[in-house]
Amino acid sequence: MSVLHENHEMREASPRSLIAVVAIMIGSALAFTLATAPFTKLLGAGAGAVPAALHGMTAFLYLFVGTIGLYLGWRLLTGRIRAFADLQLLATVAATFSFLAICFGNWLYIYYRAPVPDSPRSYFVTNVPPVHKIFFEFKEFTGLFTLPLMVCAAFLLTKYGTQVLERPWLRYTIAALIGLAFFYLVVAFGLGAAVTKLKPA
C-alpha cells in the first residue's frame, strides 16, 4: 500500500492538470474579487487602474504559489520531498504567473512613466527622487529575474523528471533557482506595493 502511494506521488504532472490549476486559480481570484467588491471601486479612478489591478492580482497569485514552491524546494534540497509531481506543477504555474505579472507590469509602466505632470514618475522625481531612482527602478528590474529563474527550474523538473531525485547536483540547482526566484519576487512585491500606496498610477 505504501509503495503504491509513493509511486502515485512520484508521477509527473500532466499538461491538462497544469492548465486546469492555472485556470481555476485565475477564475477563483476573479470571481472572489468581483463578488466581494464593486468593480468600479475595485479598479479605482486612475488611468492605469485596469493594468494595475491585473498586475497586482497576478503578482499576489504568484506570491501564493511561490510560497508553497519554496517549501517544496526546501524539501527537494534536503532530499525529503514526497510530492515531487506537485513541485513540477507549481514550478510551471509559478513561471506562468511570473510571465503574466511582468506583461501586466509593463502595461502599467506606460501610465507610471507618462510624460505628464501628475503621473507617478513625475510626482516622485519632483518630490521624492529616491522613491523612483532606488525603490521603483530596483523593483522593476529585480522582478524580471523571476521569469528566467522559474523557467529554468520548470524546464529541469520537466526534462529530467524523477531522475532529479537521484542526482544531487540537480536537486541543489533547482532548489537554488526556486529560492532565488522567491527572493526576487518578495523584493519586487514589497517595493511595488509601497510605491502603489504612495502614488497610484
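Select Cys103 first: this residue is partly exposed, with a relative accessible area of 35%. Cys152 may be selected next, and it too is partly exposed, at 38%. Here, partly exposed lies between buried (under 20% relative accessible area) and exposed (over 50%), using a 1.4 Å probe and protein chains only. The structure holds 0 disulfides, a disulfide being a pair of cysteine sulfur atoms within 2.5 Å.

The model is predicted: local features need pLDDT of at least 70, side-chain atom pairs count only at pLDDT 80 or more, and totals for chains, interfaces and linings use all residues. Residues are numbered from 1 along each chain as its sequence is written, and side-chain values use heavy atoms, leaving out hydrogens and water.

Select Tyr62, Val65, Leu87, Phe97, Met150 and Ile174, which have the most contacts inside the largest nonpolar core, a set of 33 residues. Such a core joins buried Ala, Val, Leu, Ile, Met, Phe, Trp, Tyr and Cys residues through side-chain atoms within 4.5 Å. Two or more residues come from each of α2 (15–36), α4 (49–77), α5 (84–112), α8 (146–160) and α9 (168–198); α5 contributes the most, with 9. Helices are DSSP runs (H or I, at least four residues), numbered from the N terminus.

Next, centre the view on Met150. Beyond its neighbours within four places in sequence, Met150 is in contact (heavy atoms within 4.5 Å) with Tyr62, Ala91, Ala94, Ala95, Ile178 and Ala181.

Finally, select Glu140 in helix α7 (residues 129–144). Glu140 counts as buried, at 12% relative accessibility. Leaving aside neighbours within four places in sequence, Glu140 is in contact with Tyr109 and Arg113.
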